[in-house]
Amino acid sequence: MSLALDKGKLIRSAFVYLFTAIALLPIGATVMLSLRSRPGGAPALISLENFVHVFRETLVLQWLANSLMVSLFTVVAAIIVAAPAGYVISRGRHKIIAGYSLLLFVVQSLPVITAVIPLFMLFARLGLADHLGALVIIYVAGSLSVATWMMAAYFDSIPAA
């Protein structure tokens, strides 16, 4: 019986390793291509000149800093808004709260692409078309329903006093 168990474990492990290798293959190929000295260069020559070019000739550090700033503001704003809403959904027992909960579910199921053109027109009128603040607003609005549901699930896990 233990031989069959070991054989089953071995087969599962082999599948896990195979799928992991398949999933990591594009990442490995990207790393290998980034370490080549020039396009079509010999794979044996490892060079960091592509990285030097990216950091010297582009604004990649500013782009990364912008992404970090937008992410931090989005997370903080989403938590500030979603935590009280999640608490109300978790602890409140009223028809209005049930309706709000259903509304969140419906909003979550709508495709975001339907709001792209109206949002662009609104942000263009407000002068925010090329501004990081507009991106934060869009990200917060897009993640608010999920964040509220997650906060409600977290508050549900805490016993009510």
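Against which helices do the buried residues of helix 3 pack? They pack against helix 2, helix 4 (95-109) and helix 6 (132-157), as the views below set out for a predicted model. In this model, local features need pLDDT of at least 70 and side-chain atom pairs count only at pLDDT 80 or more, while totals for chains, interfaces and linings use all residues. Residues are numbered from 1 along each chain as its sequence is written, and side-chain values use heavy atoms, with hydrogens and water left out.

**View 1. The course of helix 3.** Helix 3 has 32 residues; helices are DSSP runs (H or I, at least four residues) numbered from the N terminus. From its first C-alpha to its last, helix 3 reaches 45 Å, close to the 46 Å expected at 1.5 Å a residue; the expected span is 1.5 Å times one less than the number of residues. At alanine 82, helix 3 bends by about 30°, and proline 84 follows within four residues. The bend at a residue is the angle between axes fitted to the seven residues ending there and the seven starting there.

**View 2. Threonine 74 in helix 3.** The buried residues of helix 3 include Val70, Thr74, Ala78 and Ala82. Threonine 74 counts as buried because its relative accessible area is 10% (buried means under 20%, exposed over 50%, and partly exposed in between, with a 1.4 Å probe and protein chains only). Residues up to four places away in sequence aside, threonine 74 touches Val136, Tyr139, Val140 and Ser143, where contact means heavy atoms within 4.5 Å.

**View 3. Leucine 132 in helix 6.** Leucine 132 belongs to helix 6 and is partly exposed, with a relative accessible area of 30%. Apart from neighbours within four places in sequence, leucine 132 is in contact with Asn66, Met69 and Val70. A separation of 38 Å lies between the C-alpha atoms of leucine 132 and histidine 94, which are 38 residues apart along the chain.

**View 4. A nonpolar surface patch.** Leu48, Phe51, Val54, Phe55, Leu61 and Leu64 make a nonpolar surface patch of about 580 Å². Helix 2 (49-57) and helix 3 (60-91) are the elements that give two or more residues to this patch, and helix 2 gives the most, with 3 residues. Patch residues have over 30% relative accessible area and no salt bridge, and nonpolar side chains (Val, Leu, Ile, Met, Phe, Trp, Tyr) are joined within 5 Å. A salt bridge is a side-chain nitrogen of Lys or Arg within 4 Å of a carboxyl oxygen of Asp or Glu. Phenylalanine 55, in helix 2, is partly exposed, with a relative accessible area of 46%.

How values were computed. Patches are made of residues with over 30% relative accessible area and no salt bridge: like charges are joined within 9 Å, nonpolar side chains (Val, Leu, Ile, Met, Phe, Trp, Tyr) within 5 Å. Accessible areas come from the Shrake-Rupley method with a 1.4 Å probe; for residues, only the protein chains shown count as cover.
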